[in-house]
Structures are given as structure tokens and as C-alpha cells.
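Welcome! Please take a moment to look over the sequence and the fold, and then we can walk through them together.

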Amino acid sequence: MEAVLAAVDMTVGLVAVAAVHPISAVQLGMGSWSNLASVAMELNGWRGSGMQMSSRCTHSLHGQTHMQLSLRGQMQDDMSIKWRKRKKHFFIISHAGKPIYSRYGDENKLAGFSATLQAIISYVENSGDSVRLVQAGNHQIAFIMKGPIYLVCISCTEEPFQALKMQLELLYGQMLLILTKSIEKYFGKNAKFDMRPLLGGTDVVFSSLIHSFSWNPATFLHAYTCVPLSCATRQAASGILQDVVDSRVIFAILMCRHKVISIAGAEKATLHPDDILLLSNFIVSSESFRTSEAFSPICIPRYNSTAFLHAYVHYLKDNTVLVLLTTDHNGFYHLKDCRIRIETVLNKSNVLNEVKTSMLNAGLHVEDLPSDPIVQSSYGHQQHDKDHKLAVAARETKKDIVGVGGPGGLWHFMYKSIYLDQYVASEFSPPLTSHRAQKSSLLRAYQNLYSSMHIEALGPHKMQYRRDRNYILLCWITQDFELYAAFDPLAEKSMAVATSNRVCQWIRDLENEIFFLGATPFSW
């Protein structure tokens, strides 16, 4: 192992020095325990020592680093103190070491740093292996390679490697949505091809996606969430969408912000939940779509990553948006006519007003979890507003609450329907709030729980009960659903299990309103 480390030191050191700039202070060889990761960090002002290599290509670096990153808008480079203070950094680079995207800083000023990352990847590849992860103190450096495009995340947020890898996959998918996988052929013609002009103006799209990693469960659940609506209201929306889907309209999607109202697809055409996430992020983060109807080429990576579809996008009312996808690049006027038909029906059936009301009032609250496992849905009744006010009042007078929160000490939950690839999550209620830090903390706890339950080497687990200083976390997985729940740290285990059963029954009783049951199951 010492001989291997020495070879790594000397080769990577020489490659990196040649790629960036000569630094005589870098010490190479076994005596200094310099290595692949520490040489790269030394060249960029970061320090670490000690590395272990394994046949699974996961590298562990022991010691301390002083990574500090900063705001992208300040156009800083890797030597800036503020740039290094950031806890999480994303990079996209080419196999020639040219920067394509950086979450923070100016790509032009990060050319040397990008070359160092490329040197690390190339050295390991030249030895017949591939680097996946470097651990440096409390920092993780995750890598994925997609042909001539490399994606890297540097993080000290305590997220599991599986979560960081999935985030890099989504970042790559967002790039494909804008450019398609066909962009790779340009690197075959010119290894130094510069992609940045093709991505001009899309920084806000990538930034929005990265921000969603801290609040949107869809980024790791591989599922989408729906606007809660009565069965009749959703059927009205689904009916008119299905009517316009034909050989020229492949998909018709009605959304409000990141939540789905209804989806219709041509025969045998399905949308993967990750594609829905990337498409909604692209539309919601682009202000230009709000100003007028738009017709834009868009790639749907899981549907066909090598070709563009053409998307007609139009905001109908407030945050409700209609997306029609076609293969016909001359289909603008046909899709506009379809939109007029759809909008007319939605207005006549009062769907748009129902959506607006639902987005304001219709979330699930743990305080409303019924004591009786057999509960009737209130969403489908004409007296919905009155019932909602009664539910709010009941939260203040409920007697079976343990501490603060819901029954049994329940603070929050997420429920995923495996068959539908949809999820529903409760609203944040006291003692949890919608404060960004608190939401991110709970989501990170769920991420860790999700990753530990889906470790491929050990096989999927069925149930896990975990207690830490902030929560009691319970995960329950069956062939039909996945439940993730957070409880008061003082809650009893038996009560947590019983409450989880009640949550599942509650969701089943409300499934006609909180899920889109007309969805085609997705094939992985």
C-alpha cells in the first residue's frame, strides 16, 4: 500500500503541478503521506493528509481541511476566503479540464482548480479504476463521470454519499434537458470544446435545482407530489388533457409550482418522476415563461436523452402552468389551439379556483390525524372550507396530543406510494416550523434514513427505528408504500409504531384526493 501511495503522490503531483502552476512547497513521497487528494488540495490552498484506497474505488482521507466557499455572484476564485466558506459546492467540467459550471465563483477564474479535479480523475482512470468518493475530515468529494463530462460535489453537510451521487445525477439530467446527450459528439471532434456559451443564461436553473436539494423530498424519493383536489375536480382536468393527447401531442401536464394536478400521455408514453422534477424546475425557475406563452426545445432525459421535444408552456392563472410536449417543431399553433380548449374547460369546471384554494388550505397536518382509523375524506365535500376551519380549531383543542405536535408525539411524515411513484408529506407544524434550516435538517435526516434503507449490498430493509438528539425517526417499507416519520425524542416506541399505522390508514382513506390515481405506473 505504501508503494501505491508513493506512486500516486509522484504521478498526481506532477500532473497537477503541470496542469495548474509549480508549487515547490508540495512534498511528495511516502515520508510526507501526500496523496491523490491532499496534493490536489495543497495546490488549491486546501490541506489534508492520509488516504486509503479500496477495490470499491471509495477513498477515505483522514485529517483536517479548511474548505471555505462563497457566493457565486461575487465572481470569486478558489483562493477567496469567502468562496471557501460555502458548505456545498458543485462543479461540471469536461474531460479536458475545462470548466463548464460552478455553483459559486467565476468559471474563468476556476480553470486551474478544474484542471486539478480532472487530473485526479484521469490518474485513477489511467490505473484502470474510477474515483467515486474522497473523504477529507468532515468533507466529502463525490464524483460521477458521464462520458466526456465530469460532475463533482464537495460537501460538509453530512449527507450520505448516495444522496450526493443522486444530486449529481439530477444536475447532469438538468443539463441534458437543456442540451441533450448529443452534445457529447462535439467533444469527439474537439476535446477542448467549450460548452459554456450553450448554457448561457441557465445559471438560475441549476441554482434552483441545487437549492431544491435542501427542501424537496422528490430529489431523493424518485416520486412527485400532487395538489390535493376532490376526485371530481381532478377528473375534469384529466379528461380534457387526455382529449388533446394524440399523435402530435405526446404529453400534457398541468402543474402548480412543483406539484402535479394531472398528466396525460400518448399510448405507451410515460414520464419518469425525475423528468417531472427537472421539467418543473426548468419552468418555475425561468421567469421568461411567465411573461407570455412560449415554445421551446426541451429534452426529457429518461424518455429520450438524445433528442429534443418541443414544449408549449403557458401560465393559466397565478402559479398554475400548462405544458404540452410534441415532436413537431412546427406545432406551435396546434398546441395553442389545444391550450385554448383546455383553458376553457378548466374555467367552466372551476378547476383553477379549486387549485388556488387547495394550495392555500389543503395540506395535511399531523394535528389532524384522526384517533379513529376509519375517517371520511373532507376534501370531496362541498363544505370543504367549513370543514377546514373546524380542523384548524380542532388542532387547538385536541386532547390526545403527546407533548407538542400530533398524536403519539408525531411531528412530521412522508408517505410514498410505490405503485404510483407519488408521495405526500405533512405540512410543517409546531414544534417544527417552515424555517429553512429546520426543514433542511429534517430532510437531511430523511435522506440518511432513505440511504440506509436502500443499501444495495445489504438489500432493502423493511423497518428502521432510530433515535437521535433531535428526533425519533421511523421508516417502514412494504411492497406498496414507504413511510418516513419524525417523532418527539421522548415518544415511546410502541406509540410511534401505532401512530405510523394510523398515518397509513389515514393516507389510504384520502388517496382519491391527495394522489393522481390515473397515473400510469413507471417502469424503472
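Leaving aside its neighbours within four places in sequence, which residues is Ser451 in contact with? The partners are Pro160, Gln162 and Ala163, where contact means heavy atoms within 4.5 Å. Ser451 itself lies in helix H14, residues 436–453. At 8% relative accessibility, Ser451 counts as buried; buried means under 20% relative accessible area, exposed over 50%, and partly exposed in between, with a 1.4 Å probe and protein chains only.

Before going further, a word on how to read all this. This is a predicted model, in which local features need pLDDT of at least 70 and side-chain atom pairs count only at pLDDT 80 or more, while totals for chains, interfaces and linings use all residues. Residues are numbered from 1 along each chain as its sequence is written, and side-chain values use heavy atoms, with hydrogens and water left out.

How confident is the predictor? The mean pLDDT of the protein chain is 80, and 77% of its residues reach 70 or more; pLDDT is the predictor's confidence in each residue, from 0 to 100. Two stretches call for care. Over residues 1–74 pLDDT stays under 50, and the model has 168 contacts beyond four places in sequence for them. Where pLDDT is low, the predicted coordinates should not be read in detail.

Now for the whole chain. The protein chain holds 15 helices and 17 strands; helices (H or I, at least four residues) and strands (E, at least two) are DSSP runs, numbered from the N terminus. Of its 524 residues, 54% count as buried. Among contacts between residues at least 6 apart in sequence, 61% join residues at least 24 apart.

Let us turn to the sheets. Strands of a sheet pair through backbone hydrogen bonds, either parallel or antiparallel.

What is packed inside? In soluble globular proteins, nonpolar side chains tend to be buried together. The largest nonpolar core here has 106 residues, and Met195, Ile283 and Val323 have the most contacts inside it; such a core is a set of buried Ala, Val, Leu, Ile, Met, Phe, Trp, Tyr and Cys residues joined through side-chain atoms within 4.5 Å. Helix H4 (residues 161–179) gives the largest share of this core, 12 residues. Apart from this core lies another, of 23 residues, among them Phe413, Phe487, Cys504 and Ile507.

Phe282 has its place in helix H9, residues 273–284. With a relative accessible area of 10%, Phe282 is buried. Beyond four places in sequence, its contacts include Gln174, Leu177 and Ile178. Phe282 and Ile178 are 104 residues apart along the chain, yet their C-alpha atoms are separated by 8.8 Å.

Finally, another open sheet of five strands has the order E14-E13-E17-E16-E15, again with antiparallel pairing. Neighbouring strands of this sheet are turned by 10 degrees against each other on average, direction ignored. E16 (residues 472–477) and E17 (residues 481–487) pair over six bridges, with Leu474 opposite Ala485 in E17. Helix H15 (residues 493–514) packs on the sheet, touching E13, E14, E15, E16 and E17, and its direction makes about 130 degrees with that of E17. A hairpin joins E15 to E16 through four residues, and these two strands pair over five bridges.

Note on methods
Pairing = 2+ DSSP bridges. Axes fitted to C-alpha atoms, helices over the stretch in contact; angles between N-to-C directions.
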